[in-house]
Amino acid sequence: MTTRVLAVGECMIELTHTGARTLSLGYAGDTFNTAVYLARLTPPEAVEVDYLTRLGDDDYSAGILAAMRGEGLGTRLVDRVPGAQPGLYLVRTDEHGERSFTYYRSESPRTSPATTCCTSRRSPCSC
């Protein structure tokens, strides 16, 4: 029997300082990271991990979607919002190894189960 797990949240663009003026691009977020590690640590025939979120229709959203699929996450519950772009955050690590975060996400499609449910045309809901 296969167990199905649904993670709900926001995956964002992560830019990590690798130098004073150099950044590394990645995709992350608390629930996204949890879903990825669950998918990595369990055999797909035992556990299927789906991710429910909202993404835009830009190149970064396409990169997030590709990353999800590459990690084995189910993406059928990803709602694409025309004209929207994912949130962005920057990570800087100080000389003591302490990380600090700066977020830019006021224009992201964000996620709430009720909002995603009610705006998705793929399935009926009772919000």
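Over which residues does pLDDT stay under 50? That stretch is residues 112–127. The model has 21 contacts beyond four places in sequence for these residues. Here pLDDT is the predictor's confidence in each residue, from 0 to 100, and contact means heavy atoms within 4.5 Å. The protein chain averages a pLDDT of 87, and 85% of the residues score at least 70.

This is a predicted model: local features need pLDDT of at least 70, side-chain atom pairs count only at pLDDT 80 or more, and totals for chains, interfaces and linings use all residues. Residues are numbered from 1 along each chain as its sequence is written, and side-chain values use heavy atoms, with hydrogens and water left out.

**The sheet**

Four strands form an open sheet in the order E3-E2-E6-E7, with mixed pairing. Strand E3 (23–28) and E7 are the edge strands, each pairing on one side only. Neighbouring strands of this sheet are turned by 25° against each other on average, direction ignored. Helix H2 (residues 59–70) packs on the sheet and touches E2 and E3. The direction of H2 makes about 60° with that of E3. Axes are lines fitted to C-alpha atoms, for helices over the stretch in contact, and angles run from 0 to 180 degrees between N-to-C directions.

Helices (H or I, at least four residues) and strands (E, at least two) are DSSP runs, numbered from the N terminus. Two strands pair if DSSP finds at least two bridges between them. Strands of a sheet pair through backbone hydrogen bonds, either parallel or antiparallel.

| Strand pair | Bridges | Direction |
|---|---|---|
| E2 (residues 12–17) and E6 | Four bridges | parallel |
| E6 (residues 88–93) and E7 (residues 99–104) | Six bridges | antiparallel |

Leu15 has Leu90 in E6 as its bridge partner. Thr93 stands opposite Arg99 in E7. The hairpin of E6 and E7 has five residues between the strands, and Gly97 there takes a positive phi near 85°.

**Around Glu48**

Glu48 lies in strand E4 (residues 47–55). Is Glu48 buried, exposed or partly exposed? Glu48 is partly exposed, with a relative accessible area of 36%. Buried means under 20%, exposed over 50%, and partly exposed in between (1.4 Å probe, protein chains only).

Leaving aside neighbours within four places in sequence, Glu48 is in contact with Thr2, Thr3, Arg4 and Val5. The side chains of Glu48 and Arg4 make a polar contact (3.5 Å). A polar contact is a pair of N or O atoms within 3.5 Å; within protein, one must be able to donate a hydrogen and the other to accept it, and residues adjacent in sequence count only if both atoms are side-chain atoms. Ala35 is 13 residues from Glu48 along the chain, and their C-alpha atoms are separated by 10.0 Å.
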